[in-house]
Amino acid sequence: MLLIKCKDCGKTIPAGYQQDRESFEATNFTEQLEKCPNCGNVKPYFKVNYFFKES
Ligand SMILES: [Zn+2]
């Protein structure tokens with residue numbers, strides 16, 4: 001699962017944008033708008049902001 005850290009409240013949240021690791025590494029990623037379920041703020045997130053939850 002891809003996670004992001006909210007730019008406003010700092011909470012780690014599951015990203016709306018989901019891909020498997022291999023596809024994600026290969027993708028030509030620009031930016032995604034993500035809405036934080038904790039504070040409700042929408043911000044653009046870049047590839048560097050995403051990380052995988054180890055399962
Ligand atoms: Zn937030």
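1. Two strands pair if DSSP finds at least two bridges between them. Strands are DSSP runs (E, at least two residues), numbered from the N terminus. In this model, Leu3 has Pro14 as its bridge partner in S2.

2. A word on the basis. The model is predicted: local features need pLDDT of at least 70, side-chain atom pairs count only at pLDDT 80 or more, and totals for chains, interfaces and linings use all residues. Residue numbers start from 1 along each chain as its sequence is written.

3. The sheet is open and has three strands, in the order S2-S1-S5, with antiparallel pairing. Strand S2 (12–14) and strand S5 (50–52) are the edge strands, each pairing on one side only. From one strand to the next, the twist averages 40°. For such angles, axes are lines fitted to C-alpha atoms, and values run from 0 to 180 degrees between N-to-C directions.

4. Strand S1 (residues 2–5) pairs with S5 in the antiparallel sense, over three bridges. Leu2 has Phe52 as its bridge partner in S5. Leu3 is bridged to Phe51 of S5.

5. S1 and S2 are also antiparallel, with three bridges. Their hairpin has six residues between the strands, and Gly10 takes a positive phi near 80° there.

6. Pro37 sits in the loop between strand S3 (32–35) and strand S4 (42–45). Is Pro37 buried or exposed? Pro37 counts as exposed because it has 11 C-beta neighbours inside 10 Å. The cut-offs: buried is 20 or more other C-beta atoms within 10 Å, exposed is 12 or fewer, and partly exposed is in between, with C-beta atoms placed from the backbone.

Conventions
Helix = DSSP H or I, 4+ residues; strand = E, 2+ residues; numbered from the N terminus.
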